[in-house]
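Subject: Structure handover and notes

Hi,

Here is the structure I promised to pass on.

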Amino acid sequence: MLKLEVKQNTEVEQLKQAFCKVIATEVERNPAILTRSVIERMMLVVPHMIETASFLAPWLSDEELVYPYYGICLFYILQALYVQASPWLEQCIEIAQERLGESHPDLAFSLRNLAELHRLQGRYLEAEPLLTRAALIVENLDETHPYVNLISGSLAVLYQTQGRYSKAGSVSVHLLRILEQQAEKDYPNIAQGLSNLAMIRLEQGQYSESEELFIRSLKTFEKHCGESHSNMAISLNGLAELYRLQGHYK
């Protein structure tokens, strides 16, 4: 009888772990931009993410730990439902600190996500210390680590949003240099980095450099990512705005 109970308990544990793995994998599938069809699909999955984050966290592996919380927040944030997202991000940071420790990259990722939420709400003074802390955590990681790019990019956007163009430009130039020096070129992020720096130069009134950067961004998108890449629209819009400001309406 005891052996049967042990076997049943083991099977239950394995089922819970398998369920958590499925949920974590589903979060990884989520795109950065939500379309109607993606939202409809996520609406079916988010209740399971909430169930996992609320009751099944002990069965998440360390590698999977932050994914359900991130998936819930992504679903809310990309629909501008910021109030609903906030408690999940705070809970994510708390559990990441407790289980993974103060220097784990996934804690840095979680801090960055809460900082992004604050930035979107215009709460810049609350966002900056979170990003600064996240940057300190990842500063010893290899420069090719995706969190380095992510957190540096968020810092640059925060500075730009606040009109601190010199700091935004410095971070963007450094990040772009890292991306361009990588052996395995991350062309979508290189193209986006060029576009981001172009927008900073535009806001600084450095039109000639801005135009050059926008054109480089568009050429990178066209050559390596395809003309239908969604972020290409950002570069096209930025270049159009540059020409409008110069009176080059045609």
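In H9, Gln 192, Ser 195, Met 199 and Leu 202 meet Ile 234, Ser 235, Gly 238, Glu 241, Leu 242 and Leu 245 of H11; contact here means heavy atoms within 4.5 Å. This is a predicted model, in which local features need pLDDT of at least 70 and side-chain atom pairs count only at pLDDT 80 or more, while totals for chains, interfaces and linings use all residues. Residues are numbered from 1 along each chain as its sequence is written, and side-chain values use heavy atoms, with hydrogens and water left out.

Back to that helix pair. The axes of H9 (residues 187-203) and H11 (residues 232-245) come within 10 Å and cross at roughly 20°. That makes H9 roughly parallel to H11 (angles under 35 degrees count as roughly parallel, over 145 as roughly antiparallel, 65 to 115 as roughly perpendicular and the rest as oblique). Axes are lines fitted to C-alpha atoms, for helices over the stretch in contact, and angles run from 0 to 180 degrees between N-to-C directions. Helices are DSSP runs (H or I, at least four residues), numbered from the N terminus. The crossing of H9 and H11 is left-handed (the near helix is turned anticlockwise from the far one by less than a right angle).

Next, H5 (residues 105-120) and H6 (residues 124-138): their axes come within 8 Å and cross at roughly 160°. H5 is therefore roughly antiparallel to H6, and H5 passes H6 in a left-handed crossing. Among the residues making the contact are Leu 107, Leu 111 and Leu 114 of H5 and Leu 130, Leu 131 and Ile 137 of H6.

There is also the second largest pocket, with about 240 Å³ of space. A pocket is an open set of points on a 1 Å grid over the protein atoms alone, where a 1.4 Å probe fits, with protein on both sides within 12 Å along at least five of seven lines; lining residues have an atom within 4 Å of a point. Grid points are joined across faces, edges and corners, and the volume is the space filled by probe spheres set on the points. Its lining has 13 residues, with Ala 135, Glu 139, Val 148, Ser 152 and His 174 nearest the centre of the pocket. H6, H7 (146-161) and H8 (165-181) each give two or more residues to that lining, and H7 gives the most, with five.

Finally, Cys 225 lies in H10 (residues 207-225). Its C-alpha atom is separated by 6.5 Å from that of Pro 188, 37 residues apart along the chain. Leaving aside neighbours within four places in sequence, Cys 225 is in contact with Tyr 187, Pro 188 and Thr 220.

Best wishes
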